[in-house]
Amino acid sequence: MAQTLARRELRLETPEIQAAGTIRSQESIGSGISIRNVVKRYGNFVAADRISLDIKPGEFITLLGPSGSGKTTLLNLLAGFQALDEGQILVDGAPIQNVPTHRRGFGMVFQSYALFPNMTVAQNVAFPMRMAKIDRTNTDRRVAETLEMMRLSDHAGKLPSQMSGGQQQRVAIARAIVMRPRVVLMDEPLSALDRRLRESIQIEIRELHQTIGSTILFVTHDQSEALTMSDRIAVMDAGHIVQIAPPAELYRRPQSRFVASFVGESNLIDAQVIGRNGRILTLRTPAGHVFEAESRNGIHNDKATVLVRPERIALHDAPVPGSMSATVTSALFLGEVLRIEVVLDDGQTLLIRCPDIAGRDLPPVGGQLHIGWGAADSWVLS
Ligand code: ATP
């Protein structure tokens with residue numbers, strides 16, 4: 001990624017383009033979006049159920065959720081491919097419901113690359129600028145900048161059929177951003193690519209976002225993709241946004257079992273609350289193990305479900321205060337981590353992931369381990 005392309009260097013200075021209003025200055029490029037009480041029905045089925053979401057100018061928001069949760073529906077409403085049944089969508093304070101798709105000026109990238117097969121890479125990327133009747137000199141310059149940003153300069157003269165899947169998707173992204181749109185909508189753009197390629201393009205899109213400053217709305221059902229790329233993640237379930245938060249907060253402090261299970265691997269432990277000191281609760285499992293866990297303010301239940309992420313569970317050679325004994329039911333060497341499943345005395349199973357460090361061997365199945373975690377390693381869900 002050409003990090004050297006600072007925002008101000010990307011600005012098109014020519015007065016005619018500025019006057020045409022088709023390309024905005026880079027400092028203010030991203031739009032603020034306000035989605036208010038949006039409802040979309042298909043017959044009796046409610047695909048978007050009174051969704052509200054405020055997106056800051058230049059923010060990277062990911063819609064994450066299982067299949068059928070309404071992610072694409074919400075994106076389509078923003079794009080103008082579908083009409084709202086109720087509610088409003090404002091872009092920079094102006095309602096857009098009555099603005100047709102082609103006049104919204106958003107960049108869009110989909111899972112299928114949808115490139116023009118008979119045009120070269122450069123011609124594909126130049127297409128939106130030609131449609132906007134931007135002069136040749138500025139078009140050529142902007143296309144060259146954009147190809148460089150997407151590391152495609154060496155492929156400018158190729159046809160899409162001469163490119164790999166990952167390269168074609170980078171062309172589609174270049175075409176979506178060549179006009180430096182206020183908003184870029186991306187619907188599962190990386191899902192057809194293999195894992196390694198997906199991971200490298202995720203980082204490229206993230207860096208690209210920091211360079212051009214557009215507001216990006218990105219749809220995925222891949223939680224690691226969402227965690228890697230987003231400023232905030234909106235988790236969707238059955239037509240609702242069930243939680244919206246920055247990646248680390250969503251992962252560490254989910255508000256429900258659904259979010260805890262959907263984002264990352266989780267151990268969910270049911271326990272009795274036996275003590276309370278501010279946000280730190282003391283809990284007891286059915287087998288009598290006592291431990292502490294952090295909670296948000298205002299939880300006053302007697303029973304609690306506690307989340308402990310697999311990488312937060314420590315292994316001890318011998319019992320230590322607060323540790324529990326557990327029996328190993330499976331142990332796998334995965335390279336950088338060991339993946340160990342254990343069962344506690346009360347039948348509760350736990351997953352542990354611990355780094356592969358010197359002197360640590362895979363424990364035998366059926367062997368005993370001593371495990372534990374601190375209050376800050378666990379989180380009370382309810
Ligand atoms: P996926 O990850 O599988 O793409 P999604 O979260 O994007 O799922 P949507 O495509 O938004 O989900 O669909 C939400 C729900 O609305 C689904 O149950 C789907 O079957 C339904 N739906 C979507 N489009 C239509 C349509 N045109 N007519 C009827 N039902 C639809």
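This briefing covers the ligand shell, the strand pairing and the salt bridges of the structure.

The model is predicted: local features need pLDDT of at least 70, side-chain atom pairs count only at pLDDT 80 or more, and totals for chains, interfaces and linings use all residues. Residues are numbered from 1 along each chain as its sequence is written, and side-chain values use heavy atoms, with hydrogens and water left out. Helices (H or I, at least four residues) and strands (E, at least two) are DSSP runs, numbered from the N terminus.

**Ligand shell**

- The ligand is surrounded by Tyr42, Phe45, Ala47, Pro66, Ser67, Gly68, Ser69, Gly70, Lys71, Thr72, Thr73 and Glu188; a residue is near a molecule if one of its heavy atoms lies within 4 Å of it.
- By class, four residues of this shell are nonpolar, six are polar and two are charged. Ala, Val, Leu, Ile, Met, Phe, Trp, Tyr, Cys and Pro count as nonpolar, Asp, Glu, Lys and Arg as charged, and the others, Gly among them, as polar.
- Both β2 (45–55) and α3 (71–79) supply at least two residues of the shell. The largest share, three residues, comes from α3.

- For Ser69, a backbone N or O atom lies 3.0 Å from an oxygen atom of the ligand.
- For Lys71, an N or O atom in the side chain is 2.8 Å from an oxygen atom of the ligand.
- For Thr73, an N or O atom in the side chain is 2.6 Å from an oxygen atom of the ligand.
- On its own the ligand has 630 Å² of accessible area, and the protein covers 59% of it. Accessible areas come from the Shrake-Rupley method with a 1.4 Å probe; for residues, only the protein chains shown count as cover.

**Strand β9 and its partners**

- Strand β9 (residues 232–237) has five of its six residues buried, so it is largely enclosed by the rest of the structure. Buried means under 20% relative accessible area, exposed over 50%, and partly exposed in between (1.4 Å probe, protein chains only).
- Strand β3 (residues 60–64) pairs with β9 in the parallel sense over four bridges; two strands pair if DSSP finds at least two bridges between them.
- Val235 of β9 is the bridge partner of Leu64, and Val235 also stands opposite Gln243 in β10.
- Strand β10 (residues 240–245) runs antiparallel to β9, and five bridges join the two.
- The hairpin of β9 and β10 has two residues between the strands, and Ala238 takes a positive phi near 45° there.

**The four-stranded sheet**

- An open sheet of four strands has the order β2-β1-β4-β5, with antiparallel pairing. Its edge strands are β2 and β5 (94–95), each of which pairs on one side only.
- Two bridges hold the antiparallel pairing of strand β4 (residues 86–91) with β5. Leu90 has Pro95 in β5 as its bridge partner.

**Salt bridges**

- The structure holds 19 salt bridges, a salt bridge being a side-chain nitrogen of Lys or Arg within 4 Å of a carboxyl oxygen of Asp or Glu.
- Arg151 is partly exposed at a relative accessible area of 47%, whereas Glu204 counts as buried at 5%.
- The side chains of Arg253 and Glu294 also form a salt bridge (3.1 Å, N to O). Glu294 lies in strand β13 (residues 290–294) and Arg253 in the loop between α10 (247–252) and α11 (257–262), so the pair ties together parts that are 41 residues apart in sequence. Glu294 counts as buried at 14% relative accessibility, while Arg253 is partly exposed at 32%.
- Between Arg257 and Asp270, the closest N and O atoms of the salt bridge are 3.7 Å apart. Arg257 in helix α11 and Asp270 in strand β11 (residues 267–277) are 13 residues apart, and the pair links distant parts of the chain. Arg257 counts as partly exposed at 44% relative accessibility, and Asp270 counts as partly exposed at 42%.

Conventions:
Polar contact = N/O pair within 3.5 Å; in protein donor to acceptor, adjacent residues only side chain to side chain.
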